[in-house]
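The report after it takes up a few places one at a time.

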Amino acid sequence: MAAQKINEAHDHIAKAEKCLKTSMTKWKPDYDGAASEMAKAAVAFKNAKQFEQAKDAYLKEAEYHTENKTLFHAAKAIEQAGMMLKDMKRLPEAVALIEKASVMYVENGTSGTAGMALDRAGKLIEPMDLEKAVDLYQKAASVFENEDRLRQAAELLGKASRLLVRLRRLDDAAVSLQKEKNMYKEIENYPTCFKKTIAQVLVHLHRGDFVAADKCVRESYSLPGFSGSEDCVAMETLLAGYDEQDEDQVNRVCNLPLLKYMDNDYAKLAISLKVPGGGVKKKKSPSAPQGGAGGAPPAEDEDEYEGGLC
């Protein structure tokens, strides 16, 4: 079966070469015909699991489409060549070709296709190179943003933000999250803005920047439905506990389902959050007199703090 497909591929290559020949009656090469035959050769090689030859055939097809000024089809062929490299587990090379195709898509005026190609490239490289995946997701987001397709842009920025957290590039993650949140606000997806506020607070507290975390919550009061919401109350309580170095209060909030069931990268931030200076474990004071550092008075302090924030 494979031998038959390989022979079939070589037949198509011969036909492609014939299309390129000129004569007294045929002054110009038939690039369209050559590209069509080379595409068939690539598929035949692919079906025979001859991925290196399939990749070369797709690149030849792209070359002929470029000569024929059919750039969209050239980009498609280059992207297909990239997928052959993926099948050969040569992921960095695959991604390089998909990136090249995405530039051609943009030049051809098909930016949406470029964005989707970059997203695919990001998914391919993510298991082996997080930094490159971030770059690809950010490029894809930028392409969609330029097309005013903010929902897609925000989703791709979301992928970049999570990976930046995983890489502990928290300053960059904070910037990315703010941009995401602004996009969701613009398309009036307010519940997602609330979740982004929680992510922002966790990132800023891990950066040791309480002021920035507090500012994110305060700015969110302008979002319809945020004030008094579960998200709002949790963040006010978290910030109060953090500011008062109340480790128990911080742990209680960070173990709420609201935070524990966030995207895994943010959930890990919640679970690992420590208050500055080691914190005060108020519950672990059995020798404390009644009305001292036990359970009830801290709760009152917490309520007063929350009232002030609201």
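Predicted model: local features only at pLDDT ≥ 70, side-chain atom pairs only at ≥ 80, totals over all residues.

## Helix α2 and Tyr31

After the helix comes Lys49, whose phi is positive, near 65°.

Tyr31 is found in this helix, which covers residues 31–47. Leaving aside neighbours within four places in sequence, Tyr31 is in contact with Leu20, Tyr64, Glu67 and Asn68. Although Tyr31 and His65 are 34 residues apart in sequence, their C-alpha atoms are 6.7 Å apart in space.

## The pairing of α5 and α6

Helix α5 (residues 91–107) and helix α6 (residues 111–125) pack with their axes 8 Å apart and at an angle of about 170°. Angles over 145 degrees count as roughly antiparallel, and therefore α5 is roughly antiparallel to α6. On the α5 side, the residues that meet α6 include Leu91, Pro92, Val95 and Ile98, together with Glu99, Ser102, Tyr105 and Val106. On the α6 side, the residues that meet α5 include Ser111, Thr113, Ala114 and Ala117, together with Leu118, Ala121, Leu124 and Ile125.

## Helix α9

Helix α9 (residues 170–186) has 17 residues and reaches 24 Å from its first C-alpha to its last, close to the 24 Å expected at 1.5 Å a residue. Among its buried residues are Leu170, Ala173, Ala174, Leu177, Met183 and Tyr184, and Ser176, Glu180 and Lys181 are buried as well. The buried residues of α9 pack against α7 (130–146), α8 (150–166), α10 (190–206), α11 (210–220) and α15 (264–272).

## Two loop residues with positive phi

Most residues other than glycine have a negative phi. Against that background, Asp148 has a positive phi of about 60° although it is not a glycine, and Asp148 lies in the loop between α7 and α8. Glu188, in the loop between α9 and α10, likewise has a positive phi of about 60° without being a glycine.

Are these two residues buried or exposed? Asp148 is exposed, with a relative accessible area of 66%, and Glu188, at 56% relative accessibility, counts as exposed too.

## The nonpolar core and the cysteines

In soluble globular proteins, nonpolar side chains tend to be buried together. In this model the largest nonpolar core has 91 residues, and those with the most contacts inside it are Leu202, Val203, Leu205, Leu238 and Leu259. The largest share of this core, nine residues, comes from α8. Not counting residues up to four places away in sequence, Leu205 touches Phe210, Ala213, Leu238, Leu239, Tyr242 and Leu273.

Cys216 is buried, with a relative accessible area of 5%, and Cys254 is buried with 2%. How many disulfides does a search of the whole structure find? The search finds zero.

Conventions
Residues numbered from 1 in each chain as written. Heavy atoms only, no water. Helix = DSSP H or I, 4+ residues; strand = E, 2+ residues; numbered from the N terminus. Expected span 1.5 Å × (residues − 1). Buried < 20%, exposed > 50% of the residue type's maximum accessible area, 1.4 Å probe, protein only. Contact = heavy atoms within 4.5 Å. Core = buried A, V, L, I, M, F, W, Y, C linked by side-chain atoms within 4.5 Å. Disulfide = S-S within 2.5 Å. Axes fitted to C-alpha atoms, helices over the stretch in contact; angles between N-to-C directions. Parallel < 35°, antiparallel > 145°, perpendicular 65-115°, else oblique.
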